[in-house]
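I opened the model to look up a few sites and write down what I found. My notes follow the display.

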Amino acid sequence: MSQSESDLLDQLGGMDGVRRVVDEMYVRVLADPELTHFFDGVPIEKLARMQTEFIASITSGDIQYTGADLTKVHAGRGITGVHFSKFCGHLTDALEANNVSSHAIDQVLGKLAMYSDKVTGSSNVDG
Ligand code: HEM
């Protein structure tokens, strides 16, 4: 575990803090008319649990993500870079609402940006 990575999860309030942020993010995502349809029929409790684990895993060396491969789970859904940006905007709002510092928010967004190709992979082909 690297010290700086463990510090980042701490700055998010640990696992409990990340879960609060994730729950708030999905409230915003599901209220967004451009994003909500992607989640029709998706079990949100499991989604929030796996998203919490994922964010914890990229902000701490101690947590392992055990969910589905990100490329596979997002493939064929038509998710574009615009959707990805809006999604990250809702995450930013949720982090701010939970009093996470702007420095820590920048670090989280920087890490998530590395996954944009996996999330939007198929949309280059069929829009
Ligand atoms: C940084 C961006 C994102 C990350 C890190 C992320 C991560 C995840 C994770 C961890 C899961 C759960 C996988 C599992 O159940 O094992 C998931 C599922 C899902 N994601 Fe994302 N996601 C991102 C962006 C998006 C965007 C932008 C959309 C759509 C606009 C989206 C739509 C979905 C849907 C619909 C599922 C549920 C799939 C299912 O259970 O059938 N994701 N995502």
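Predicted model: local features only at pLDDT ≥ 70, side-chain atom pairs only at ≥ 80, totals over all residues.

Entry 1. I number residues from 1 along each chain as its sequence is written.

Entry 2. I looked up the ligand. I found 21 residues around it, and Met50, Phe54, Gly67, Ala68 and Phe87 come nearest. I count a residue as near if its C-beta atom, placed from the backbone, lies within 6 Å of the molecule. The elements that give two or more residues to this shell are helix 3 (44-59), helix 4 (70-74) and helix 5 (81-97). Helix 3 gives the most, with five residues. Helices here are DSSP runs of H or I with at least four residues, numbered from the N terminus.

Entry 3. I sorted the shell by residue type and got 16 nonpolar, four polar and one charged. Nonpolar covers Ala, Val, Leu, Ile, Met, Phe, Trp, Tyr, Cys and Pro; charged covers Asp, Glu, Lys and Arg; the others, Gly among them, are polar.

Entry 4. I looked up His74, which the unreviewed UniProt entry lists under "binding site"; such annotations may be inferred rather than shown by experiment. His74 is found in helix 4. His74 is buried, because 21 other C-beta atoms lie within 10 Å, and the cut-offs are 20 or more for buried, 12 or fewer for exposed, and partly exposed in between, with C-beta atoms placed from the backbone.

Entry 5. I looked up Asn99, found in the loop between helix 5 and helix 6 (102-113). Asn99 has a positive phi of about 60° although it is not a glycine. Asn99 is exposed, with 8 other C-beta atoms within 10 Å.
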